[in-house]
Amino acid sequence: MAGCGAAASPAAPGAPGIKAVDDSGRTIALSSVPLRIVALGNGESDIVAALGGHLVGRPATSYTPANSTIEAAEPIGNTHEVNLEKIALLRPDILFGHFPMNEKDVPMLEGIGTQVFLTSANSIRDIERQIERIGGLLQQEAKAGELITNIEEAAAAYQNAKDSGQKRALLVYGAPGTFMAALPNSLAGNILETVGGVNIASDYPSLQSYPQYAQINAERIVEANPHAIFIMTHGKPEEVKDSFLREMKTNSSWSSLEAVRENRVTVLPADLFGTNPGTRIIEAMAIMSEELSKDAH
């Protein structure tokens, strides 16, 4: 676990028992292990459940959580729409949110008496850091170490794939009518490169508001001729896919693309790619690897 970042640590004598620094640079201090936990993100919910924490509030999603422990928790909005009233009723000892998205919500959340810990995950390593720090806050360092080792071993197993012929892919994140290309510094981009793929958007200029993404256009995609196109979205996957294909077909050469001819335009599972999957990053890597390895039939 060396190199994963600062973990939660015991406080000095006379101070609260557990201290940790979040991604916003804030230090939080707890007198004891938090017994009531709220998470605004899918990944943090998964990590808390995997570490045996008592999750009382989880993000509202369009899909059923894979873990029954998470499903049993109360939906309380999400990182985009924080439901303060519901959170207050749950009386959480700590709330895990997203940095920087929920930084503006910290004063409001602290005002109802809960500690707030903000993290982000734009890479597999970032998820490992989340596990380490949440594990420290829950005093489950040994279990956190096991989870991190599992992820590291899974990622390492794909190294041979990089030597056996890399395949080019485009990662699209969007909603009907709005599409962005995921760059290598995004979580999906990191997954793609980890399993041996090449991101055709690696040289696209990043968007100022969303530095992990870039604008896309049909001309550049046609020129790159990716082996596969992956679409990520929060909801209505087929509608998003159809909308993307309609927009791209404005280029007359679109139908000549290898990925289009061989039907390798795939909508990835929303709970693994439309958001941070937490410890299920292992599943996300496996799905990406499997889809990338598909050849023409």
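Helices (H or I, at least four residues) and strands (E, at least two) are DSSP runs, numbered from the N terminus. This is a predicted model: local features need pLDDT of at least 70, side-chain atom pairs count only at pLDDT 80 or more, and totals for chains, interfaces and linings use all residues. Residues are numbered from 1 along each chain as its sequence is written, and side-chain values use heavy atoms, with hydrogens and water left out.

View 1. A pocket is found on a 1 Å grid over the protein atoms alone, as an open set of points where a 1.4 Å probe fits, with protein on both sides within 12 Å along at least five of seven lines. Its volume is the space filled by probe spheres set on the points, which are joined across faces, edges and corners. The largest pocket holds about 1,100 Å³ of space. It is lined by 40 residues, and H80, H98, M101, H234 and G274 are the closest to its centre. Lining residues have an atom within 4 Å of a point. Helices α1 (42-50), α8 and α12 (270-273) each supply at least two residues of this lining.

**View 2. Helix α8, mostly covered.** Helix α8 spans residues 187-194, and seven of its eight residues are buried. Buried means under 20% relative accessible area, exposed over 50%, and partly exposed in between (1.4 Å probe, protein chains only). The buried residues are L187, A188, G189, N190, I191, L192 and T194. G196 follows α8 and has a positive phi, near 100 degrees.

**View 3. The largest nonpolar core.** A nonpolar core is a set of buried Ala, Val, Leu, Ile, Met, Phe, Trp, Tyr and Cys residues joined through side-chain atoms within 4.5 Å. The largest core has 52 residues, of which F96, L137, I191 and M288 touch the most other members. Helix α6 (residues 141-156) gives the most to this core, with six residues. Another core, of 24 residues, lies apart from it and includes F179, A181, M248 and L257.
What does M288 contact, leaving aside its neighbours within four places in sequence? Its partners are L171, A188, I191, L192, V195, F230, L268 and F273. Contact means heavy atoms within 4.5 Å.

**View 4. Aromatic pairs.** The structure holds four aromatic pairs. Rings of Phe, Tyr and Trp (its six-membered ring) pair if their centres lie within 6.5 Å; planes under 30 degrees apart count as stacked, over 60 as edge-to-face and the rest as tilted. F96 and F117 are edge-to-face, because their ring centres are 6.1 Å apart and their planes stand at 80 degrees. F96 sits in strand β7 (residues 94-98) and F117 in strand β8 (residues 115-119), 21 residues apart. Both are buried. Y173 and Y213 form a tilted pair, 5.7 Å centre to centre with 45 degrees between the planes. Y173 is in strand β9 (residues 167-175) and Y213 in strand β12 (residues 213-214), so this pair ties together parts 40 residues apart in sequence. Y173 and Y213 are buried. Ring pairs also link F179, F244 and W254 into a cluster.

**View 5. L90 in helix α3.** Helix α3 (residues 84-90) contains L90. L90 is buried, with a relative accessible area of 13%. Beyond four places in sequence, L90 contacts R36, V38, V56, G57, E74 and I76. L90 and G57 are 33 residues apart in sequence, yet 7.3 Å apart in space, C-alpha to C-alpha.
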